[in-house]
Amino acid sequence: MRTAVLAASLAVALTAGPLAAPALSAPPSASARATTSPDAKALSAAIAGLPDADATAALVRIGGTDGSWRGSAGVRDLDSGRAADPDARFRAGSTTKVVTAAVVLRLAAKDRVDLNRTVQHYLPGLLDRRFEPITVRQLLNHTSGIQPGDGFADPYAHRFDTLPPRQVVASAVAKGPEFRPGKRQRYLNINYTVLALLIEKVTGHSYAAEASRLVLRPAGMRDTYFPGTDPRILGPHNRGYQAMKQPDGTTRLVDVTEWNQADRLAAGDMISTTADLERLIDALFRGRIVPQPQLREMFTVPRIKDATMSAGLQRYEFGGKVYWIKTGARYGYSTAIGATRGLSRTIVYSINDTNAKDESINPVAERIVLAALK
């Protein structure tokens, strides 16, 4: 049963290590607009008691035609214990890929990108002769066969250093292909890092500029931006923490709010809010960002064994319904967005996750999702 829940839960937000819960606690708050359709009692209970060992704060927005609910819990920071800001900015992680896919599909709608043309055509010299032709569509749906690029061996020690995306791509190319294009699906950041280079080559503008012009502004995402090499989160935000083992064998929470994410670029660099991510998914699914012919790519999974990823999204079934979702995790922050195709139910959450890069689901995220899908 737990495996089925994990598969359907819209989350890869991650569980924390064995920590004693901090003494400070702030009660959850829900807006007066809560309706009887989302289970307000279950949702409030899902985020009650924060901060705890798994998360220091949680921001949740449930929407759609079936009704809405808003809630927040936890603290802005462990030192002051002030209640978490429900409108706070946070690192949105791989939900950035939804924006990137939308940019590429908008360029395809304008005939500036052909999804059937190859990386080798748009970025000559980027891949060596060991690589067979890889199409833009195969980058979008993670069937390219390009292997992951190298990062820093000790990410925390290098959190203020800049790792250029082109260097990440070069390290991936040096490894050669992992599999023939289109034969398997493996979800990797490197596909969307290459897409960023393609966007910049085709348009002559930076990825951030094109994403803002083609997606953020049309969706009304006024509080979303791309920080580049700036390690800070500008504007109101709740601090992010990571559980780290100490030399004496104990574990403590380390503030990881400031972190240079430049190497993630179009794969996970975005800073956003729950309100903006809700605006994104609503505008996107309604066809206000990407025209319907190209939007179909976001709801099409390749016919490959075990494939679940489309262009920027992931398909999950739960309770007889299909949800299209995307999750993201950067140190200190775990995020998810999801919706039914017809927008009867949308879900957006951001958790200040104390072990956001772990491989298992964060218990707070699991509670939120199960309550949201009741």
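Predicted model: local features only at pLDDT ≥ 70, side-chain atom pairs only at ≥ 80, totals over all residues.
Local features need pLDDT of at least 70, side-chain atom pairs count only at pLDDT 80 or more, and totals for chains, interfaces and linings use all residues. Residues are numbered from 1 along each chain as its sequence is written, and side-chain values use heavy atoms, without hydrogens and water.

Start with the whole. The protein has 11 helices and 11 strands. Both are DSSP runs, numbered from the N terminus: helices are H or I with at least four residues, strands are E with at least two. The radius of gyration, taken over C-alpha atoms, is 20 Å. Along the principal axes, the C-alpha atoms fill a box of roughly 60 × 50 × 40 Å.

Now look inside. Of the 374 residues, 58% are buried, meaning under 20% relative accessible area with a 1.4 Å probe, protein chains only.

Zoom in on helix H6, residues 165-174. Its buried residues are Pro165, Val168, Val169, Ser171, Ala172 and Val173. An α-helix has 3.6 residues a turn, so residues three or four places apart point the same way. The buried residues of H6 pack against helix H7 (189-203). After H6 comes glycine 176, with a positive phi near 80 degrees.

Methods:
Rg over C-alpha atoms; globule rule 2.2 N^0.38 Å. Buried < 20%, exposed > 50% of the residue type's maximum accessible area, 1.4 Å probe, protein only. Contact = heavy atoms within 4.5 Å.
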